[in-house]
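This briefing is intended to be read alongside the model.

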Amino acid sequence: TLRKPISQSSMADWASKNLNMHTQGIFRRRISISNMLSWNGGSIKKPMLITSNRTIKKEACEMFKLVQSYMGDRQTRMDRNHVALVTVTKCWSMQGLRDELYIQLIRQTTDNMCYRSLAWGWELMAISLAFFSPSPKFQSYLEGYIYRHLDSDEKIAQHIKEHLDLKNKKITKSRKKRKQNTEDEGLPISTYAKYCYRKLHKVAITGGKKGLRKPTVEEITHARNAILTPSLFGSSLEEIMLRQQDMYPGNKLPWVQTQLSQQVLALGGEQTEGIFRIPGDIDEVNALKLQVDQWRIPNSLSDPNIPASLLKLWYRELEEPVIPQQFYKECISNYENPDAAVAVVRLLPELNRLVLCYLIHFLQIFAQPSNVGRTKMDVNNLAMVMAPNCLRCQSDDPRVIFENTRKEMSFLRMLIVHLDTSFIKGLV
């Protein structure tokens with residue numbers, strides 16, 4: 001469900017307090033806020049947002065040129081993939097530039113009369129959200145801007161048409177060329193906006209790209225493709241099953257879940273000390289995530305902590321948790337009652353029930369005494385590391401979160417100990 005965004009007046013108020021007002025002409029007159037936030041074909045001499053950081057001041061002006069280059073409004077020798085890579089890497093490495101990039105993209109996608117340029121601006125926003133979130137201070141503003149474009153296609157098309165009609169009363173070659181730009185291939189702006197809206201909420205919770213390795217061209221391409229082809233990470237279970245229908249029509253469980261689980265076991269995870277507790281190398285996990293999203297499992301894996309960490313990430317990033325939100329209260333109310341806990345599982349939608357039972361069956365392998373002796377991960381430890389990936393507390397109250405964490409762990413422990421999952425063997 002979409003939350004109601006902040007009001008237009010709140011957005012205007014934020015802009016008046018945070019925009020670094022530019023000037024123009026020999027008398028250095030201040031540009032209005034609406035002009036500051038409208039498409040600009042020239043360069044900028046100072047950042048869009050107020051900052052005292054000298055490096056940010058310099059980089060912001062260079063970044064504006066990169067944004068224009070990606071959108072096709074400035075000539076460059078670099079291909080668009082490389083322009084996106086340089087832009088994203090700057091912001092990924094320098095946190096202070098992130099809000100500046102998003103406000104620049106807001107500017108360049110406002111009153112932009114070239115549809116191709118407009119679409120590419122939204123595309124760059126979508127790519128950027130795959131790597132980093134805006135600051136909490138700026139998130140509401142960006143969310144409000146994106147929200148207002150969720151159903152804006154007719155309005156944008158009409159706006160561009162009126163502009164062209166006004167500019168060119170007679171049909172000339174230049175008009176034909178310009179008109180062609182409005183009909184250029186590209187997705188509807190609402191498609192980008194809907195993707196960005198979902199992505200913004202996810203990246204605000206899970207954070208962006210982690211690790212020491214800088215972004216790569218492959219990750220840029222993957223982020224662009226994800227606009228139309230949803231990732232196996234961060235989607236709903238239903239979407240994931242729909243995606244795999246052509247490739248694995250007979251599978252009743254998500255391919256990503258079973259493959260990563262089997263990799264953990266194939267690499268001796270049930271005999272590895274600290275499995276699921278000790279994280280795998282984050283850059284290796286990122287690399288595996290990229291491969292898995294292309295339906296590939298590399299043969300070069302040797303550390304079971306890598307697929308184990310990615311498996312936890314997959315559960316954690318599901319759009320809705322394995323145990324849907326409407327069953328949360330029932331779970332934490334029955335955290336000490338084995339029969340009631342098992343009964344909750346029977347109430348789940350069929351797909352969620354199968355996915356959860358597969359996970360519990362998988363954890364029951366690790367809970368066997370012969371394996372616990374090696375892994376040092378008994379049923380309590382397994383429940384502790386996996387409960388946050390299956391259940392999500394919606395409260396913002398730290399006391400409620402703290403109290404419920406204990407109940408979530410206890411509920412999952414009940415399932416590992418008491419749930420009969422023997423039927424799973426016939427499913428895989």
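Rings of Phe, Tyr and Trp (for Trp, its six-membered ring) are paired if their centres lie within 6.5 Å; planes under 30 degrees apart count as stacked, over 60 as edge-to-face and the rest as tilted. By this criterion the structure holds 13 aromatic pairs. The model is predicted: local features need pLDDT of at least 70, side-chain atom pairs count only at pLDDT 80 or more, and totals for chains, interfaces and linings use all residues. Residues are numbered from 1 along each chain as its sequence is written, and side-chain values use heavy atoms, with hydrogens and water left out.

**Aromatic rings and charges**

- The ring centres of Tyr147 and Tyr197 are 5.8 Å apart and the planes stand at 55°, so this pair is tilted.
- The pair links distant parts of the chain, with Tyr147 in helix α7 and Tyr197 in helix α10 (residues 189-206), 50 residues apart. Helices are DSSP runs (H or I, at least four residues), numbered from the N terminus.
- Tyr197 counts as buried at 2% relative accessibility, whereas Tyr147 counts as partly exposed at 29%. Buried means under 20% relative accessible area, exposed over 50% and partly exposed in between (1.4 Å probe, protein chains only).
- Trp14, Phe138 and Tyr141 are linked into a cluster by ring pairs.
- Arg80 lies over the face of Trp120, at 3.8 Å from the ring centre, and Lys209 lies over the face of Trp92, at 5.7 Å from the ring centre. The criterion is that NZ of Lys or CZ of Arg is within 6 Å of the ring centre and within 35 degrees of the ring normal.

- In helix α1 (residues 8-18), the buried residues are Met11, Trp14, Ala15 and Asn18. They are on the same side of α1 because they cover an arc of only 100° around the axis, the arc being that of the directions from the helix axis to the C-beta atoms.
- Ser9 and Lys17 are exposed on the face of α1 turned away from its buried side.
- The cover over the buried residues of α1 includes α2 (33-36), α5 (98-108) and α7 (136-147); contact means heavy atoms within 4.5 Å.
- Helix α5 is mostly covered, with 11 of its 11 residues buried.

**Positive phi values**

- Asp111 has phi near 55°, a positive value in a residue other than glycine. Asp111 is found in the loop between α5 and α6 (115-129) and is partly exposed, with a relative accessible area of 41%.
- Trp295 has phi near 60°, again a positive value in a residue other than glycine. Trp295 is found in the loop between α14 (282-292) and α15 (305-317) and counts as buried at 14% relative accessibility.

**Domains and annotation**

- The protein is divided into domain 1 (8-168 + 189-226) and domain 2 (246-426), with bounds from an automatic or database domain assignment.
- The domain centres, taken over C-alpha atoms, are separated by 37 Å. The contact takes 11 residues from domain 1 and nine residues from domain 2.
- An unreviewed UniProt entry carries the annotation "domain: Rho-GAP" for residues 235-423; such annotations may be inferred rather than shown by experiment.
- Residues 235-423 are 61% helix and 0% strand, and the end C-alpha atoms of the span lie 27 Å apart. Strands are DSSP runs of E, at least two residues.
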